[in-house]
Amino acid sequence: MTPATGGSAHELPAVLAIDVGNSKTDVALIDADGAVLGAIRGATASHQAVGPERGFATLVSLVERACSLAGLDPAARPAAQLAAYCAAGVDLPSDERLLATELRRTGLAAADLVVNDCYGGLRAGTNRTWGVSVISGSGMNCLGVSPDGRVARFDALGEISGDWGGGGGVGLAGLAAAVRSQDGRGPATILERTVPAYFGVARARALSVAIYRGRIAYERHVEIAPLVFAAAARGDEVARGIIDRLADEVVAWAGAAIRRLKMQRLDPHVVLAGGMFRAEDPLFFERIGAGIAAVAPAAQVCRLTVPPIVGAALLGFDRLHGAPTPPALEQRLRASLTHERMSRG
């Protein structure tokens, strides 16, 4: 693919960083020195959430808006030397082939890199190129990379591949606990009151019926997860049990990756990324830390504090350089691609 008319490849922005989640998409155009030329946040472009056709139409629109912010011709193709596309749902080789083909068709970049968002989370959360990344957003996923480049992956297809957790799992567990508290099948919990109240419904059973009949969208069960964290913080034992289960799942994913890659005696960074890890719950993180320490005593657990798009950008520069991004460039990217910068988009 040739550069757009009026500029050679080296004059193009170096990296088009893309982070596609189930609820939003972040896009940033970055020059060779690490300066962010244009950045935008918009609706999800997830092929799982909205389908490939609509998803890539959304992505192209966001990239064109980023070009406009950068003072570049939004219609010019390619818009960058390399597109680093990190997305939720790139779980199987067939997913990667599908998305790579669709991204290539857009002509947005002269070269493309398509990876699961766990790679972006790992690269954003540590200055190393190896370690473990656990993502707990609406669902769960995990990636492990050893110092010699070996990889541990999971299918992450939901219940059919043995998964539980994320906002979806916690939300459904919270709803179930609320209903069972009301009808007597389970112990009493304040979720019986707080969950239906959040949806403007009088009782937990009535909420179940409203979801069953489609008056309240089933997908909204993920909104219950923060209510479970809040109840746990108030000392509710049922809610705390759900949060403990989530912590144990995080340990199960990370521990499996560490053992499969034989990193128990090493000091892997374990990066926690995704909405569930934005909760302020010391007991939750203490349980995770203790569980991972039991597998790899020297492991360092760290919560992701920068937007995942930082990882996409760094992966793009790693690929362009054929080596880890130089420290000064990495530092500039981390300082520029902040939550505040992306939220302004």
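Visitor: Taking contact to mean heavy atoms within 4.5 Å, which residues does threonine 106 touch, not counting those up to four places away in sequence?

Guide: Threonine 106 touches Phe56, Val60 and Arg77 on that count. Please note that this is a predicted model, in which local features need pLDDT of at least 70 and side-chain atom pairs count only at pLDDT 80 or more, while totals for chains, interfaces and linings use all residues. Residues are numbered from 1 along each chain as its sequence is written, and side-chain values use heavy atoms, with hydrogens and water left out.

Visitor: And where is threonine 106 found?

Guide: Threonine 106 is in helix α3, residues 93-106. Helices (H or I, at least four residues) and strands (E, at least two) are DSSP runs, numbered from the N terminus.

Visitor: Is threonine 106 buried or exposed?

Guide: Threonine 106 counts as buried because its relative accessibility is 17%. Buried means under 20% relative accessible area, exposed over 50%, and partly exposed in between, for a 1.4 Å probe and protein chains only.

Visitor: What does its side chain reach at 2.5 Å?

Guide: The side chain of threonine 106 reaches the backbone oxygen of leucine 103 at that distance. A polar contact is a pair of N or O atoms within 3.5 Å; within protein, one must be able to donate a hydrogen and the other to accept it, and residues adjacent in sequence count only if both atoms are side-chain atoms.

Visitor: Serine 133 next. Where is its place, and what lies 3.2 Å from a polar atom of its side chain?

Guide: Serine 133 is in strand β6, residues 131-136. The backbone oxygen of cysteine 118 lies 3.2 Å from a polar atom of the serine 133 side chain. Serine 133 is buried, because its relative accessible area is 0%. Leaving out residues up to four places away in sequence, serine 133 touches Cys118, Gly121, Leu122, Asn141, Cys142, Leu143 and Val271.

Visitor: On to the nonpolar core. How many residues has the largest one?

Guide: The largest nonpolar core has 92 residues, and those with the most contacts inside it are Ile30, Val132, Val134, Leu191, Phe284, Ile288 and Leu337. Helix α9 (residues 237-260) supplies the largest share of this core, 13 residues. Apart from it lies another core, of 26 residues, among them Ile18, Val63, Ala66 and Tyr85. A nonpolar core is a set of buried Ala, Val, Leu, Ile, Met, Phe, Trp, Tyr and Cys residues joined through side-chain atoms within 4.5 Å.

Visitor: What is leucine 337 in contact with, leaving aside neighbours within four places in sequence?

Guide: Leucine 337 is in contact with Ala28, Ile30, Val36, Pro307, Ile309, Val310, Ala313 and Met342.

Visitor: At what angle do α6 and α8 pack?

Guide: Helix α6 (residues 191-198) and helix α8 (residues 225-233) pack at about 145°, with their axes 10 Å apart. Axes are lines fitted to C-alpha atoms, for helices over the stretch in contact, and angles run from 0 to 180 degrees between N-to-C directions.

Visitor: Which residues meet there?

Guide: Leu191, Thr194, Val195 and Tyr198 in α6 meet Leu227, Val228 and Ala231 in α8.

Visitor: What about alanine 232, buried or exposed?

Guide: Alanine 232, which lies in helix α8, counts as buried because its relative accessibility is 5%. Not counting residues up to four places away in sequence, alanine 232 touches Ala239, Arg240, Ile243 and Asp281.

Visitor: Turning to the backbone, which peptide bond is cis, with omega near -5°?

Guide: The peptide bond from arginine 77 to proline 78 is cis. Proline 78 lies in the loop between α2 and β4 (80-87).

Definitions and conventions
Contact = heavy atoms within 4.5 Å.
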